[in-house]
Amino acid sequence: MKLEPIDHALLAGEYGAAAARAMALLVRYGTACGADSFIDIESAHIDGCLYHGPSSIDFAQHFVDLGGKVRVPTTLNVAAVDVTHPGWHCGPPEVIAQQQALTRLHEQLGCLPTLTCAPYQRMARPQRGEHVAWAESNAIVFINSVLGARTDRYGDFTDLCAALTGRVPLAGLHRDEARRPAILFELPSLDATGLPRDLYFAAVGYVVGRRAPGIVPYLRGLPRDANEDELKALGATGASSGALALFHAEGVTPEAADMPTEGVKIEVIAPTELVAAIASLCRAAEGEAVAAVCLGTPHYSIPEFMQLNRAVERRRRSPETEIYVSTSREIAAAVTADPAFDALRAFGVNIVVDTCTYLAPVVRETSGLIVTTSGKYAHYGPGNLGRRVALMTLERCIRSAETGVVMAQC
C-alpha cells in the first residue's frame with residue numbers, strides 16, 4: 001500500500017497515540033479491502049455509539065485513554081435507548097446507564113451528540129463528490145445517491161478510526177468505477193401499480209434491494225418529482241432488504257445523467273412484484289388489535305411532521321393504541337416549541353429522540369400489532385422486537401390508531 005507523508009506521520013504518533021492506533025487498524029482494513037492508497041475525508045458519522053455490549057464501551061474507552069480527538073467534524077448515530085425519556089424504556093434497565101457512558105466517551109473524543117440516523121436532514125450536508133466516512137445504512141445510501149457525496153459502507157468500529165485520523169482507504173464506493181451501475185431496472189409507474197404513493201417508494205426499495213443485493217442499480221421510471229423523504233424511504237428499505245448503498249434514478253439523482261448504461265443488463269420489475277412486496281410486509285387482518293403506531297425509521301423530518309400534523313388534526317386517538325415518532329433532538333425541539341404542531345400533542349403523539357423504536361422497545365402493550373409507514377421498520381421490527389409488524393399508509397395507520405384495530409385500506 002502506498003502511504004503518503006500524512007499517513008506515515010499518523011502511524012509514527014505525530015498526531016497522538018490514539019490516531020496512531022486508529023491508523024494502524026485502518027492500514028490492515030485497507031489491505032483487506034484491496035486498497036493501494038488513502039484519501040482525506042471531510043466528515044464522519046459514527047454507528048459504533050449504539051450500545052451492543054461491553055466491547056462498545058471498551059473500544060471507545062481505549063481511544064479516550066490514549067487522549068484521542070476526532071480530526072474531522074463527526075456526528076453520532078442513534079443510541080440503544082432514549083435517555084431523555086427513560087420511563088418509556090421497556091428493555092433491560094441497565095442499558096440506560098451503559099448507553100449514557102458510551103455516549104459520554106464519544107463526546108470526550110470530540111463527537112457531536114446528534115444521535116440521529118438522518119444527520120443529513122438538519123446538519124451541514126456533504127457536497128457532491130466530497131469524500132466522507134459515514135456509517136448507518138440509510139445515511140450511506142442517502143448521501144451516496146441523493147447528495148452524490150462518497151462514502152463506502154463503514155461500520156463499528158472502522159467509522160471511529162476514520163474520524164480519529166481523517167483518512168480512509170481508497171476503496172469501495174469512493175472509487176469512480178465502483179459507482180457505475182451493474183444493473184438497470186425498468187420500473188412500473190405509480191399508476192400502473194395502483195399503490196398509494198407512500199407505499200410505492202418502500203416497495204421499489206424492497207424489491208430492488210432483494211433483486212440487486214450489494215450492487216449498484218440504475219432505476220428508470222421513478223417519478224421525477226420524488227422528494228427527499230420518498231428517496232429516503234426507498235434507500236432505507238433497499239439497504240434493509242439487500243444492503244443497497246447507492247442507486248441512480250434517471251432524472252432524479254445527481255449522478256444518474258453521468259452514468260453509462262450501454263451494455264448494462266436490463267431487468268423489468270412488474271407492478272405485481274411491488275404489490276406482492278407490500279403484501280409480504282403487511283400481514284394484518286382487518287379488525288386485529290393495534291398496540292401502537294411507530295413512525296420515524298429513518299428519523300422523521302420537519303416536512304414529515306407537518307404531514308402527520310395535518311393527518312391527525314381534529315381526530316382522536318384510541319386510548320388502547322400508542323403512537324411514537326422517532327426523530328433527532330434538534331427536530332424534536334423545533335416541533336415541541338412550535339404551536340403549529342398542536343394537533344400532534346392533542347392526538348397524543350410521543351416524540352422519541354436519540355434512538356429508533358425498532359431498536360429500543362417502548363411499546364408498553366405486549367399484545368397486538370405494531371403498524372408503521374416504514375419499510376425498514378417492517379423488515380427489522382419482528383426480529384428485533386419479537387413483535388408482529390405491518391406496513392401501511394399513513395392514513396391507514398391513523399385510522400387504526402383512532403379505532404384501536406386494523407382498519408381496511410381507504
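Modeller: A cavity is a set of grid points where a 1.4 Å probe fits but cannot get out. In this predicted model, a search of the whole structure finds one cavity of 30 Å³ or more.

Biologist: What makes V81 a lining residue of the largest cavity?

Modeller: A lining residue has an atom within 4 Å of a point of the space. V81 is listed as lining the largest cavity, together with D82, H85, W88, H89, T355, A360 and V362, so V81 has an atom within that cut-off. The space in this cavity is about 40 Å³.

Biologist: How is the lining of the largest cavity divided by residue class?

Modeller: Four of its residues are nonpolar, three are polar and one is charged.

Biologist: Why is D354 called buried rather than exposed?

Modeller: Buried means under 20% relative accessible area. D354 has a relative accessible area of 1%, and is therefore buried. D354 stands in the loop between β12 (350–353) and β13 (369–372), and has a positive phi of about 75° although it is not a glycine.

Biologist: Why is R314 called exposed?

Modeller: The term exposed requires over 50%. The relative accessible area of R314 is 78%, so R314 is exposed. R314 also has a positive phi, of about 60°, without being a glycine. Its place is in the loop between α11 and β11 (322–327).

Biologist: What volume does the largest pocket have, and which residues are closest to its centre?

Modeller: The largest pocket has a volume of about 500 Å³. Of the 24 residues that line it, D198, D229, A233, E304 and Q307 are the closest to its centre. The largest share of this lining, six residues, comes from α9. By class, the lining has nine nonpolar, eight polar and seven charged residues.

Biologist: How do you know that D229 counts among the charged residues of that lining?

Modeller: Asp, Glu, Lys and Arg count as charged. D229 is an Asp that lines the largest pocket, so D229 belongs to the charged class.

Notes. Residues numbered from 1 in each chain as written. Predicted model: local features only at pLDDT ≥ 70, side-chain atom pairs only at ≥ 80, totals over all residues. Heavy atoms only, no water. 1 Å grid on protein atoms, 1.4 Å probe; cavity = no way out; pocket = protein on both sides within 12 Å on 5 of 7 lines; lining within 4 Å. Points joined across faces, edges and corners; volume = space filled by probe spheres on them. Helix = DSSP H or I, 4+ residues; strand = E, 2+ residues; numbered from the N terminus. Buried < 20%, exposed > 50% of the residue type's maximum accessible area, 1.4 Å probe, protein only.
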